[in-house]
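Have the viewer open and follow along.

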Amino acid sequence: MEITVHSSKSVKPDYGDHNANGGAHAASADVVPLTVFDKVSYDEYITGVCAFRPPAPPNDVLEAGLATALAEYREWAGRLGADAAGNRAIMLADAGARYVEATADTELSSSVLDELTTGANLLSLYPSCDGAEELLLAQVTRFRCGAIVVGVSLHHKVADGHAIWAFLFAWGQATRGVAVDPVPVHDRASLFAPRDPPRVEFDHRGNEFKPRGGEGSGGDGAHAVDEVVIHRVHFSREWISELKSLASEGAAATARPRTTLQCVAAHLWRCITVARGLDGHATTRMRIAVNGRARMKDVPAGYTGNVVLWAWPTTTARELLEQPIRATVELISRVVALVDDGYFRSFIDFASSGAVEEERLVPTADSLELTLSPNVEVDSLLGIPFYEMDFGGGSRPFFFVPGYSTVPVDGFVYILQSFEGNGSVDAYVPLFGRAMDAFKKCCYSLMTPMADDERLV
């Protein structure tokens, strides 16, 4: 598949009559400091592609809709900079988002989609983030069959997955000429103020922060000649139902129902551990994103920034593989439940206390990591209804692939709803090539995955 780029332009917010009359928005250069949640988020772009069947709206209609949406979400037309105190901030100067128009020399067939699923040709369908100043870059690629793929790159310091989805949904609404709903809430200054007096009730060193220059998991010489490859695992609704039943065996009658995310994450953690061939005594952690919108009080539905922290279930490779999957699911459920409103408030108090600067701490969300081994990270997109995006062309997306802004990271897993719309789930699992065959052998089995017995002694 060959992609030809025909144009690349900057799209600025269109304020309609306000803009024509020299309204305050167009002339404003507001500065919005990053919140404590923005600061600990990954310093990179979130990428993804959505495919739409024909007929698709013309490029100029999509561009006009983007300009209108940017008038509601000014962050995405801004730039990262610093406020007067030197703190990192979003500069609302309406500098614009990047909009690229391209064509493909083929039809959007099932074989092409399969290639996109595994990462081949994926990078050509959204604009490169390398050296970009824009916080939003979008590319519309038209295929010979009339289908289009909309690829986007959006900076994670500006927003989390839920807020990014809200903007993309607004882009579709603006393109169709309907009012943006929900109305975005931009107030980042007052929502996450520390308590008076502050109450740091949890240890946030090692979870959200680590020492500057501390040893990470950025890879080693053994992986220098190996490539990370992505495998899409499709779990049917029936398979997930069986997995949930297995994870509930022997559980107390009063136990909370097992969620799809907990069960699938537990299963993938075990399979990845087997595939990596970890020593039985090795400690392995799962970093799993926890959405603060569902945990904290008084966060508006339309809030446009980051509100995510992470839970860190921890065990050894031996315990993970020798115990039934019920134990792994219970571990994940128990640790995730601890990241509640109190934990989020404690994090705000700690991050605002000055200790981060005094101790020279940096976020544990390290964009430079190439491998997470012996750990894994799970980002759930199960609650994001990508299939509802509608640009008014007569159809909604039938395909979505989450991307990686540079290269896929070994052990960084995405879990999302399948576009089959029947309760099935897709998981995108990147691993070093030498581990992928072993992963594929166990990823669909409901039997307990087992590694080399000698390693577990």
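Predicted model: local features only at pLDDT ≥ 70, side-chain atom pairs only at ≥ 80, totals over all residues.

Now for the pairs. The count of aromatic pairs comes to 18. One of them is Phe37 with Phe344, a tilted arrangement at 5.9 Å centre to centre with 40° between the planes. Phe37 sits in helix H3 (residues 36-40) and Phe344 in helix H11 (residues 341-351), so this contact ties together parts that are 307 residues apart in sequence. Phe37 has 0% relative accessibility, so it counts as buried, and Phe344 is buried at 0% too. Back to Phe209 and Phe347: that pair is stacked, with 6.0 Å centre to centre and 15° between the planes. Here again distant parts of the chain are linked, since Phe209 is in strand S9 (residues 209-211) and Phe347 in helix H11, 138 residues apart.

Rings also meet charges. Arg53 lies over the face of Phe398, 4.0 Å from the ring centre, while Arg287 does likewise with Trp310 at 3.9 Å.

Next, the strands. Which strands does S6 bridge to? Strand S1 (residues 3-11) runs antiparallel to S6 and is joined to it by eight bridges; Val5, for instance, has Ala102 as its bridge partner. With strand S7 (residues 136-142), S6 runs parallel, through six bridges, and Val100 is partnered there with Gln139. Six of the eight residues of S6 (residues 97-104) are buried, so the strand is largely enclosed by the rest of the structure.

Note on methods: Residues numbered from 1 in each chain as written. Heavy atoms only, no water. Buried < 20%, exposed > 50% of the residue type's maximum accessible area, 1.4 Å probe, protein only. Helix = DSSP H or I, 4+ residues; strand = E, 2+ residues; numbered from the N terminus. Pairing = 2+ DSSP bridges. Phe/Tyr/Trp six-rings, centres within 6.5 Å; stacked < 30°, edge-to-face > 60°. Lys NZ or Arg CZ within 6 Å of the ring centre and 35° of its normal.
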